[in-house]
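Work through the exercises below with the model open. Try each task before reading its solution.

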Amino acid sequence: MIKVNDVVKVYGDHIAVNHLSYTFEKGKIYGFLGPNGAGKSTTMNIMTGYIAATSGSVTIDEHDILKEPEEAKKHIGYLPELPPLYMDMTIMEYLTFVAELKKVPKKDRRDQLAKIMSMTKIGDYGKRMIKNLSKGYKQRVGLAGALVGFPEVIILDEPTVGLDPQQIIEIRELIRSLKDDHIVILSSHILSEISEVCDQIIIISHGKLVESGSPSELEGKYNGNQKIKISILGEKENIEKALKDLGFIKTLDIADAKDDQGGLLVEIETKDSEADNRNKIALALAGAGLPVLSMNVETKSLEDVFLAVTNETPAFDSVKKKKARKQAKDEPETVEVLQDENKEVEEDKNDSNL
């Protein structure tokens, strides 16, 4: 278990992490999200003991990362965005070196490294120099280094950077296989990857925790009223007549022109977000002899949730205010320039008349 308790990190006048608290439990994959500069990498560096927090604490398996760094770090495997590899070593030399640093018993090293190299699909390249590897395979070597010693906590910062689609699928499967025996914390800017792999999602913005929950919980929370788009063959008046008596409809909007399918596009917003009313709508339209060409329910994606919670932070509001102030300041100047230009045009006209 990892406990992040009221962690603050300050650089001069800038607050990188602002009273962040969270508990990570074994058996789950956590997705760590936030805009650039949100404090993700700083938080992960504090959790690994790479940098110290200004205040607050991080405990890993009851060991404080600052007070008992050696004991706490035994439980951590960390893959930073840029893996710290030694380019003049072979893969096997590098992993053996990492095993020595992590104090893996000599009698266990050979079997453990063979297993890890097999897991990360680099078993056939043990004698290759790291400097001669592609970016994707360097990423795999970095991941293998993080797994050496099989630590309880695996922290991965952008683990699929530089991988091709097939390699990404393989790494995703590997990450999923780790959750039974490890706490896995995954940071990525690829939201579809987070949604597909992670059990819990943590979103931070400007150092603060702004939202957390499972992907389905977050998407459901921000869905609001259900919105349904339907393409229907028929006349506008007949469609309106067939749907107007359905009590769950909040708003009904029917397009005047036909869509690409030859039907009229109808947008319905219901009074609730949970009930699935498509069956009732289909029955009402069928009873009126109006064929349905397509029917889709609009749902919020993780990307929509991410944009919603990060756009509502004070820093984003301050940016908007600065833009508004700049615009208000610039507009009078624009008006004055236009007035001067108009004045010059009038003077030119007068000169020509003379």
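**Exercise 1.** In this predicted model, find which residues H75 touches, leaving out residues up to four places away in sequence. Then decide: is H75 buried or exposed?

*Solution.* 
- Start with the contacts. H75 touches I60, D61 and H63, and also P151, E152 and V153.
- H75 sits in the loop that runs between α2 (69–73) and β6 (76–79).
- Apply the cut-off. Buried means under 20% relative accessible area. H75 has 14% relative accessibility, so H75 counts as buried.

**Exercise 2.** List the buried residues of helix α3 (residues 91–101). Why do they fall on the same side of α3?

*Solution.* 
- Pick out the buried positions: I91, Y94, L95, V98 and A99.
- Check their directions. They cover an arc of only 140° around the axis, so they lie on the same side of α3.
- Recall the helix geometry. An α-helix has 3.6 residues a turn, so residues three or four places apart point the same way.
- Find the packing partners. The buried residues of α3 pack against α4 (106–119) and α5 (135–147).
- Look just past the helix. There K103 takes a positive phi of about 60°.

**Exercise 3.** Which residues have the most contacts inside the largest nonpolar core? Trace the contacts of L33, leaving aside its neighbours within four places in sequence.

*Solution.* 
- The largest nonpolar core has 43 residues. Those with the most contacts inside it are L33, I91, L95, V141, V148, L156 and I203.
- Now take L33. Its contacts include K40, S188, L191 and I194. Also among them are I201, I202, I203, I204, L302 and F306.
- Separate the other core. Another core, of 26 residues, lies apart from the largest one; V4, M47, I183 and I185 are among its residues.

Technical notes. Residues numbered from 1 in each chain as written. Predicted model: local features only at pLDDT ≥ 70, side-chain atom pairs only at ≥ 80, totals over all residues. Heavy atoms only, no water. Core = buried A, V, L, I, M, F, W, Y, C linked by side-chain atoms within 4.5 Å. Buried < 20%, exposed > 50% of the residue type's maximum accessible area, 1.4 Å probe, protein only. Contact = heavy atoms within 4.5 Å. Helix = DSSP H or I, 4+ residues; strand = E, 2+ residues; numbered from the N terminus. Arc of directions from axis to C-beta.
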